[in-house]
Amino acid sequence: MPDANQAAIHGGAHVTPAHDHAHGAHHNPNLQHHFNDMAQQQEASTLGMWVFLVTEIMFFGGMFWCYILYRYWYPEGFAAASHHLDLFWGGLNTVILIVSSLTMALAVRAAQLGNRRGQIINLILTMIFGAAFLGIKAIEYAGKFRDNIVPGRHFVWHEADPTGAQAFYSIYFALTGMHAIHMIVGLGIMSVILFMAWRGRFNASYYTPVEISGLYWHFVDIVWIFLFPLLYLLGRHG
Amino acid sequence: MGQTLPLFPEAASTLAGNVDALYFFLLAVSAFFAVLIAVLVIVFAVKFRRRSPDEVGAPITGSLALELLWTIIPLIITLVMFVWGAWVFLDLARPPRGSMEIFVVGKQWMWKAQHPGGQREINELHVPVGRNVRLTIGSEDVIHSYYIPAFRQKIDAVPGKLTTMWFNATKPGEYRLFCAEYCGTKHSGMIGRIVAMAPDDFEQWLAGGAGATPVAGGEKLFADLACNTCHKTDSGGRGPVLNGVAGNPVQLIDGSTVVADDNYLRESIMNPQAKIVAGYQPLMPTFQGLVNEEGLLQLIAYIKSLPAAPAAPAAGGSGQ
Amino acid sequence: MTTNYLNATHGLASWLLTKDHKRIAILYLISITLFFGLGGLFAGLVRLELLTPQSDLLQPETYNKMFTLHGVVMVFFFLVPSIPAVLGNWLLPVMIGAKDLAFPRINLLSWYLYMIGGLMTLAAIISGGVDTGWTFYPPYSTVSPTHVVMAGLGVFVAGFSSILTGLNFIVTVHRMRAPGLTWFRLPLFVWSHYATSLIMILGTPVIAITIVLLALERGLGLGIFDPARGGDPVLFQHLFWFYSHPAVYIMILPAMGVVSELVAAFSRKNVFGYSFVAFSSLGIAVLGFLVWGHHLFVSSQSAYMGMVFSVLSMLVAIPSAVKVFNWTATLYKGSISWDAPMLYAIGFIGLFTIGGLTGIFLASMGLDIHVHDTYFVVAHFHYVMVGGAIFGYLGGLHYWWPKMTGKMYNEGWARVSAVVIFVGFNLTFFPQFVVGYLGMPRRYAMYPPEFQVLNVMSTAGATVLGIGYALPLCYFIYSLVKGPVASANPWGAKGLEWTIPSPPPTENFLVTPIVTEPAYNYNPGREVEVA
């Protein structure tokens with residue numbers, strides 16, 4: 001995300017004062033003054049996003065650590081609680097996210113080719129899929145509240161191992177809640193990128209913001225690819 | 001207790017000397033290196049002080065031999081420290097068999113203890129000199145830590161599990177008892193004393209305050225909570241026979257085996273579905289909220305007191 | 001007067017909206033000084049209360065809030081950002097010959113996040129405080145009636161400031177180095193900040209999620225750490241220390257980088273064993289992630305897990321020792337001046353040695369049972385945090401002050417204050433080793449009378465220390481008004497930062513430097529290896 005916003009605000013009108021070194025005959029208007037050339041700027045932005053995603057892995061890693069520990073402690077409760085999750089909605093959401101990754105990748109491709117229409121269509125599709133995912137998540141959450149299987153004082157459980165089941169739902173809400181927040185942030189980023197694409201800001205020599213936003217979007221999808229089997233498919237073998 | 005400016009704590013348990021010996025070893029090594037560095041730094045800083053404004057230092061980039069020297073020597077020394085420290089730790093952490101067992105429960109902000117003979121005390125603990133004493137410690141609310149500086153012993157009291165500590169007092173006297181893990185407003189008031197007594201005096205003290213023993217209390221709870229409707233002394237019950245379970249391996253429904261230690265027994269009462277014994281249905285309800293930490297310790301004491309039943313081997317679980 | 005980064009533009013907005021890493025560093029300098037004052041005030045109240053065994057000045061409720069706030073403010077709002085956000089921010093781009101950090105806007109965002117986090121914590125303080133200790137251990141932190149969530153979220157937000165600073169540094173070091181500036185020509189300050197940044201980006205997210213889970217537990221009733229709902233309070237300690245132990249190295253590694261610079265500059269010599277010092281920083285950063293369990297030796301952790309953590313903790317002593325020995329060897333045959341920054345560096349070497357060695361006492365399992373959660377631990381980490389991190393910070397601030405402000409401070413007063421701080425510090429914290437081994441637990445508002453004499457010594461030392469801290473504040477401010485103008489290189493030191501004017505122009509380098517020699521090259525063409 002870093003450079004997405006920066007470039008947006010700099011605008012094409014930014015003029016760098018007296019460059020001391022020659023770097024090609026023409027200045028790209030998207031080059032910020034503290035970088036030597038576009039290649040350096042793009043490498044920095046991409047590396048920045050990768051480093052950011054590493055911190056995201058650690059962020060989710062803390063919760064996965066809790067998951068692993070409690071699943072080991074409460075195998076029965078986890079299996080029973082997992083059976084209460086709706087495989088249909090979870091599976092549909094998985095498909096939706098995978099498709100949204102495809103449209104995101106197409107949007108990046110369109111930006112690289114300087115195809116404005118392609119960017120806009122694919123970004124809008126990506127956002128629609130993202131919103132659909134969140135809608136389905138809301139339906140699922142509502143079901144949990146209806147069935148009183150939200151951890152806390154009103155938690156009701158009549159099957160095996162209520163303690164373990166409550167631990168499962170604690171982790172379920174923490175993990176999927178954090179994932180949903182990341183989806184919402186992703187939709188915010190997409191709105192900015194869509195606006196920039198609308199203004200025709202991206203072309204073959206400058207498409208870094210689309211590319212690194214895509215990295216973020218794919219990362220959030222991949223987190224779900226881990227969440228789905230760990231939460232929904234647990235203990236359903238055979 | 002009571003000196004104006006003590007510089008070293010009293011040592012009053014069999015293992016305190018081991019801890020102090022390790023401490024002095026570390027202190028000696030640390031003092032040697034701290035003094036070495038300080039002397040070198042000061043000598044160099046004086047001897048090689050700048051004599052003219054444009055002077056520069058000698059062109060020395062480094063020395064592999066020296067780097068290896070001051071990597072390997074500290075490595076060897078720290079490994080010695082590790083082994084010695086682990087040695088002392090294992091002695092401190094593992095109670096010997098046959099120790100006298102006292103139950104302790106921490107709660108905001110007091111320590112409650114119950115002796116095998118039923119004597120109860122708060123913020124005090126009377127123990128005999130010359131006997132191995134094992135404390136089984138639980139907590140009713142937040143994390144506390146049972147700390148007896150004179151014995152160089154400490155263990156956290158963690159809600160949701162049981163921990164153990166042991167010692168063997170060497171000198172009659174009174175020693176400080178502290179809560180070492182911050183536990184809220186009156187943390188610094190959660191203190192007390194350990195009274196180590198000659199064996200005869202201790203017997204006399206015990207005789208003064210006998211009440212219902214933990215085993216008797218546990219037996220009563222076992223009946224009041226209707227545990228005995230399922231856990232019978234023959235294999236006809238819906239739950240496993242408990243005679244002879246404590247301390248022995250139990251085979252579970254998933255094929256694995258666990259040793260039925262205090263924490264296993266505790267979990268089986270509070271969260272019975274977590275580990276199901278092979279050959280039984282997961283029928284038992286949780287007793288969380290129905291029995292407090294002291295009651296739990298009494299139930300465990302009772303289960304541990306049950307004689308191994310000759311009729312039904314508790315573990316092994318085939319064809320039950 | 002020539003145009004420089006301080007007078008290039010005027011007005012409050014030109015500071016609050018600046019993207020210049022040097023101005024952002026000044027913003028941090030001012031804000032962390034305020035937080036340091038606040039944390040110091042809390043420490044002063046703690047020490048005053050401990051003059052007597054009874055709780056007479058403060059009630060236990062208040063005392064508990066005071067030590068909690070002292071810890072929270074000092075750790076998260078002073079020590080973690082101190083050297084990286086002030087000196088690192090100012091110097092890192094300059095030392096590598098760049099015009100700015102890779103992401104100037106994100107750099108400014110970091111400062112705002114830091115301030116928002118700080119204000120949230122201040123709000124928690126003003127609305128009644130928080131009393132869980134800076135470690136926020138549940139279940140106490142889930143039942144404490146104080147403002148745990150507000151303070152925790154303040155730390156959470158400040159954590160993102162730290163993450164973004166680390167991210168910025170890493171990308172900058174990788175992508176923005178001047179031509180010819182290879183990794184092994186980098187000043188050791190840059191190496192140590194690189195290692196620090198790795199910890200910031202890998203560790204901080206874990207404490208962030210831990211605090212979120214704790215807040216969810218308090219707010220929504222999730223049960224991740226609550227034993228009554230299937231959770232495990234000890235798991236919190238694992239997650240907490242997974243960050244907070246490496247966080248200790250976030251605080252000390254930058255100080256080590258500063259000391260490497262100081263020792264080289266004031267001996268006019270290249271740092272002995274450059275590559276060993278550089279790699280020991282990375283070694284500390286990596287090992288630092290594998291030792292968190294030494295905080296849990298008495299928490300019912302299994303003995304075998306404890307042994308693994310114990311031996312790994314011991315190993316951290318090796319790269320630390322390597323650094324100390326190399327700094328000492330650097331002095332050999334140097335041209336040593338006794339200027340104030342060097343006094344801090346020498347103080348650092350001595351105090352960090354004591355702090356590091358006493359760390360081995362705590363890593364040794366058999367001994368830790370006795371001293372865990374006593375004043376021995378308090379003394380140990382203050383030797384590392386104050387004797388180490390703050391000495392490094394003050395030494396660096398004195399060294400680079402002429403470069404940052406263009407003014408010289410009063411050298412005589414600076415030497416006096418270095419000595420006063422050194423004496424006050426030792427008087428405050430050395431008695432705590434003794435009272436700790438005697439068995440005095442930490443976080444006690446009241447204590448048995450036999451501990452009083454040592455506590456009175458400690459409080460007396462804290463008074464001296466407080467005076468020592470006040471002195472630099474006075475002569476630094478005075479230097480801004482009346483101090484003599486500093487030359488571009490007042491110390492005769494090597495390094496790209498000394499090749500540009502004091503204070504430098506906004507873009508740092510009018511001509512991008514081309515680097516052709518290693519760092520600290522005081523004897524061009526005459527490097528020899530001793531046998």
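In which sense do S6(B) and strand S9 of chain B pair, and over how many bridges? They pair in the antiparallel sense over two bridges, and S9(B) covers residues 173–179. Two strands count as paired if DSSP finds at least two bridges between them. Helices (H or I, at least four residues) and strands (E, at least two) are DSSP runs, numbered from the N terminus.

Before I continue, a word on the model. The structure is predicted: local features need pLDDT of at least 70, side-chain atom pairs count only at pLDDT 80 or more, and totals for chains, interfaces and linings use all residues. Residues are numbered from 1 along each chain as its sequence is written, while chains are lettered from A and ligands numbered from 1 in the order in which they are written.

Let me stay with strand S6 of chain B, residues 144–148. Five of its five residues are buried, that is, 20 or more other C-beta atoms, placed from the backbone, lie within 10 Å of the residue's own. His144(B), Tyr146(B) and Ile148(B) point one way, whereas Ser145(B) and Tyr147(B) point the other way. In a regular strand, side chains alternate between the two faces of the sheet. Tyr146(B) has Cys179(B) as its bridge partner in S9(B), and Tyr146(B) also stands opposite Ile155(B) in S7(B). Five bridges join S6(B) to S7(B), residues 153–157, and these strands run antiparallel. The two form a hairpin with four residues between them, and Arg152(B) in the turn has a positive phi of about 55°.

I turn to the open sheet of chain B. Five strands form it in the order S3-S2-S1-S5-S8, with mixed pairing. Strands S3 (120–122) and S8 (163–167) stand at the edges, each with a single partner strand, so one side of each is left without a neighbour in the sheet. S2(B), residues 110–114, is joined to S3(B) by three bridges in an antiparallel arrangement; Gln114(B) has Arg120(B) as its bridge partner in S3(B).

Finally, chain C. Helix H4 (residues 104–126) and helix H6 (residues 148–175) of chain C have axes that come within 7 Å and cross at roughly 165°. Axes are lines fitted to C-alpha atoms, for helices over the stretch in contact, and angles run from 0 to 180 degrees between N-to-C directions. H4(C) and H6(C) are therefore roughly antiparallel to each other, the term for angles over 145 degrees.

Notes. A residue is buried if 20 or more other C-beta atoms lie within 10 Å of its own, exposed if 12 or fewer, and partly exposed in between; C-beta atoms are placed from the backbone. Angles under 35 degrees count as roughly parallel, over 145 as roughly antiparallel, 65 to 115 as roughly perpendicular and the rest as oblique.
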